[in-house]
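Here are my notes for someone opening this model for the first time. Have it on screen while you read, and take the points in order.

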Amino acid sequence: MTVSNEELELKDRLSLIETMIAEGRRTTSRWGWIFVFWGVAYYIAIGWTVYNQWPFAWLVTMMSAWPLCGVIIWSKEKKQAVRRPGTTISRAISSIWFALGVSMVLIFPALGFSGHFNWHIFVAIVAAMLGVANGASGMLLRWKAQIATAIVWWAATVAACFGSDNQCTVVFVAAIFLCQIVFGVYAMIFEARLRRLEASHA
Amino acid sequence: MTTSVEELELKDRLSLIESMIAEGRRTTASYGWTFVLWGVAYYVAIIWNSMSSFYLAWPITMVSACVLMGVLVWRKRKNSGSSPVTTMRRAIWSIWISMGLSMFVILDAIGYSGRLTDWRIFAAVAATLVGGANAASSLTLKWKLQFACAIVWWTSAVISCFGTNLQSSIAFLAANFLCQIVFGIYLMIREACARRQAVAHA
């Protein structure tokens, strides 16, 4: 293969990678509502626990949120006329979030039912896990806003360990607001803007 | 664009994704020694901690392992020259870097805040995070053996929650042996075989 051919192939490959990154960001934006959805679910669980101290408030809220999220995804997929082909990046992103989901479903009930549940440890683990997923996705998509959410989650991990119970709750609520609600809404706006741009170019 | 051209493009894309997956597996195999390094580091920290109860045994071992790994990676890259960064390689790096950062943040924060009153919580958190990273990486690379490692880590996390201190230690040590040492050695053998084959074909 000549040098110019190699250069061309390299350029093609780079441009494909750039396309994949853009497509990955687009996919994440399309799922922006999930960030908001889970943010609201966390708020309901926190509010419920604070209101009547029922030990199963978290479990019931999370177990209700899972099927509801599944139904919304299913109905959205059903409405979509054309299925977009999966790229390497989108598979990597979905793998990261799937692994996070399974890890959470395993560790929290295990900690709860074995009697090891501690509010500070719980918040620290949730924040650290969301830090992993957002950090990995952000680095992969070269998306500074998502890397920033990972940093907020890691900061929340540290703060949750050192403060009082109330401070821990405040830190958790603030991190959910910034990283789930604000980032989710931002992703939804990003997606809507892209859709408008596409419609105007069509 | 005609259907046949689209089909061709799709085939190209699929073949590129397949080659990326193969390249990602090769990259993971070429870093098989890091699995062994961290497996040995965990053993050193566990033995040091149980023999002397020195509270800095874990942080010192982990930071030393991190520095040693950094030096070895730097030397490896210097000797073999830096190969081009593919999407798959970046995906895998993102997952492991995020997991490393999260583990460093949460385990240090829990330790220094004095909330680590139980070894079982430490083992459960560490096993869940490593399991999550293995799962994300294996799903991205479509690698069943690595996914089996994730399942072993997750099982160890659940055993840590429900078992006694001794059972938790045994589960963690066994998971470490299987998923770090055995899997790492398997990767190193795979890499050596691939290198021998490449030399034979040259």
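1. A word on terms before we start: helices here are DSSP runs of H or I with at least four residues, while strands are runs of E with at least two, and both are numbered from the N terminus. With that in hand, chain B reads α-α-α-α-α-α-α along its sequence. That makes seven helices and zero strands for chain B. Keep in mind throughout that this is a predicted model.

2. Chain A also comes to seven helices and zero strands, and its pattern along the sequence is α-α-α-α-α-α-α. Its C-alpha atoms fill a box of roughly 70 × 40 × 30 Å along the principal axes. For chain B, the box is roughly 65 × 40 × 25 Å.

3. How far can you trust chain A? Its mean pLDDT is 86, and 94% of its residues reach 70 or more.

4. On burial, 34% of the 202 residues of chain A count as buried, and for chain B the figure is 34% of 202 residues. Now look at contacts between residues at least 6 apart in sequence. In chain A, 72% of those contacts come from residues 24 or more positions apart; in chain B, 67% join residues at least 24 apart.

5. Next, the place where the chains meet. The contact takes 37 residues from chain A and 38 residues from chain B. On the chain B side, the elements giving two or more residues are helices H1 (3–30), H4 (87–112), H5 (119–141) and H6 (144–162) of chain B. H4(B) supplies the largest share of that side, with 15 residues. Sorted by class, the chain B side has 25 nonpolar, nine polar and four charged residues.

6. Which residues touch the most other members of the largest nonpolar core? They are A:Ala124, A:Ala127, A:Ala160 and B:Trp153, in a core of 89 residues. Helix H5 (residues 119–141) of chain A gives this core its largest share, 14 residues. If you click on A:Ala160 and skip residues up to four places away in sequence, you'll find that it touches A:His120, A:Val123, A:Ala124, A:Ala127, A:Cys168, A:Val171 and A:Phe172.

7. Have a look at H6(B) and helix H7 (residues 165–201) of chain B, which pack at an angle of about 170 degrees with their axes 8 Å apart. Angles over 145 degrees count as roughly antiparallel, so H6(B) and H7(B) are roughly antiparallel to each other. Among the residues that meet there are B:Trp153 and B:Ile159 in H6(B), and B:Phe172 and B:Leu178 in H7(B). By class, this contact has ten nonpolar, four polar and no charged residues.

8. Is A:Phe37 buried or partly exposed? This residue sits in helix H2 (residues 32–52) of chain A. A residue needs 20 or more other C-beta atoms within 10 Å to be buried, and is exposed with 12 or fewer. A:Phe37 has 17, so it is partly exposed. Its C-alpha atom is 7.9 Å from that of A:Cys69, a residue 32 positions away along the chain.

Terms used:
Residues numbered from 1 in each chain as written. Chains lettered and ligands numbered in written order. Predicted model: local features only at pLDDT ≥ 70, side-chain atom pairs only at ≥ 80, totals over all residues. Contact = placed C-beta atoms within 7 Å. Nonpolar A, V, L, I, M, F, W, Y, C, P; charged D, E, K, R; others polar. Core = buried A, V, L, I, M, F, W, Y, C linked by C-beta atoms within 7 Å. pLDDT = per-residue confidence, 0-100. Axes fitted to C-alpha atoms, helices over the stretch in contact; angles between N-to-C directions. Parallel < 35°, antiparallel > 145°, perpendicular 65-115°, else oblique.
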